[in-house]
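Let's take a walk through this fold, helix by helix. Keep the viewer open as you read.

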Amino acid sequence: MCNIMPKPKPCSIKSCLKPLITSGIHSGIIMTLGDFFAQTYWEKKDWDQIDLKRSLKFGAIGFIYGGPVIAFWNGMIRNAVPRRAPFFEKVIYRVVTTQVYLAPALNYGILGLSGAVKNETISKESFEKGINYFVEVMEKNYMVWPITHALAAIIFPTANYIKFVVLSAVSVFWASYVSTTVMQ
């Protein structure tokens with residue numbers, strides 16, 4: 001059907017880095033807010049008990065890892081789906097490939113690095129502690145994200161601000177779930 005690895009297009013350093021940095025900032029903010037929400041809502045901490053350093057470290061994972069991975073994936077998948085393919089074929093292809101390829105890699109990396117947030121250092125042991133939650137997180141991932149992405153693509157077929165806000169809101173709740181799960 002589609003070639004998953006399109007031919008790379010030449011680009012300047014600025015034009016190549018811009019989506020990575022933009023997505024990194026966006027993911028960093030979402031993950032910081034998600035951890036903050038996890039501490040205040042799920043963990044029921046008072047304002048004076050909130051660990052801001054933990055929230056910022058969790059956000060750094062989004063900035064350094066999550067955002068760039070998502071930006072790279074979006075660029076790759078955008079070029080892999082033929083422009084003339086039927087609309088629902090595009091939606092199904094994007095949702096399925098994202099859940100088969102991106103979701104495990106993204107969650108694996110975030111969970112591993114989250115173990116480092118909890119344990120203060122990046123080591124094999126801290127990475128393994130975060131990975132212990134991988135199956136549980138992937139089960140929840142498959143309950144939330146395929147339907148979220150499919151509905152967002154169907155309801156808001158073009159990339160627009162409302163679609164961005166809806167997916168960002170779900171992402172904050174998802175980040176709070178991941179944070180709460182790993183920080184148990």
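A word on geometry before we start: an axis here is a line fitted to C-alpha atoms, for helices over the stretch in contact, and angles run from 0 to 180 degrees between N-to-C directions. You're looking at a predicted model, where local features need pLDDT of at least 70, side-chain atom pairs count only at pLDDT 80 or more, and totals for chains, interfaces and linings use all residues. Residues are numbered from 1 along each chain as its sequence is written, and side-chain values use heavy atoms, with hydrogens and water left out.

First, the overall picture. The protein chain has six helices and zero strands, so called because helices (H or I, at least four residues) and strands (E, at least two) are DSSP runs, numbered from the N terminus. Read along the sequence, that gives α-α-α-α-α-α. Of the 184 residues, 40% count as buried, where buried means under 20% relative accessible area, exposed over 50%, and partly exposed in between (1.4 Å probe, protein chains only). Contact, for its part, means heavy atoms within 4.5 Å. Among contacts in the chain with a separation of 6 or more, 72% join residues 24 or more positions apart.

Now the pair α5 and α6. These two helices pack at an angle of about 175°, with their axes 11 Å apart. That makes α5 roughly antiparallel to α6, given that angles under 35 degrees count as roughly parallel, over 145 as roughly antiparallel, 65 to 115 as roughly perpendicular and the rest as oblique. On the α5 side the meeting residues include Val 137, Val 144, Trp 145 and Ala 152, and on the α6 side they include Leu 167, Trp 174, Tyr 177 and Val 178.

Helix α6 also packs against α1 (residues 13–42), here at about 55° with the axes 7 Å apart. That makes α1 oblique to α6. Among the residues making this contact are Ile 30, Gly 34 and Phe 37 of α1, along with Ser 168, Val 172 and Ala 175 of α6.

What about the nonpolar core? Such a core is a set of buried Ala, Val, Leu, Ile, Met, Phe, Trp, Tyr and Cys residues joined through side-chain atoms within 4.5 Å. The largest one has 26 residues, of which Leu 111, Val 137 and Val 178 touch the most other members. Two or more residues come from each of α2 (52–80), α3 (87–119), α5 (134–155) and α6 (161–182). Leaving aside neighbours within four places in sequence, Val 137 is in contact with Asn 107, Leu 111, Trp 174, Tyr 177, Val 178 and Thr 181.

Two other spots are worth a click. Pro 19 lies in helix α1 and, at 40% relative accessibility, counts as partly exposed. Its C-alpha is 8.9 Å from that of Gly 67, although Pro 19 and Gly 67 are 48 residues apart in sequence. Ile 154, in helix α5, is partly exposed too, with a relative accessible area of 39%. Beyond its neighbours within four places in sequence, Ile 154 is in contact with Phe 87 and Phe 88.

Finally, the record: an unreviewed UniProt entry lists residues 20–38, 58–77 and 150–175 under "transmembrane region". In the model, residues 20–38 are 100% helix, with end C-alpha atoms 26 Å apart. Residues 58–77 are likewise 100% helix, and their end C-alpha atoms lie 27 Å apart. UniProt positions are given in the numbering used here, feature names are shortened, and annotations may be inferred rather than shown by experiment.
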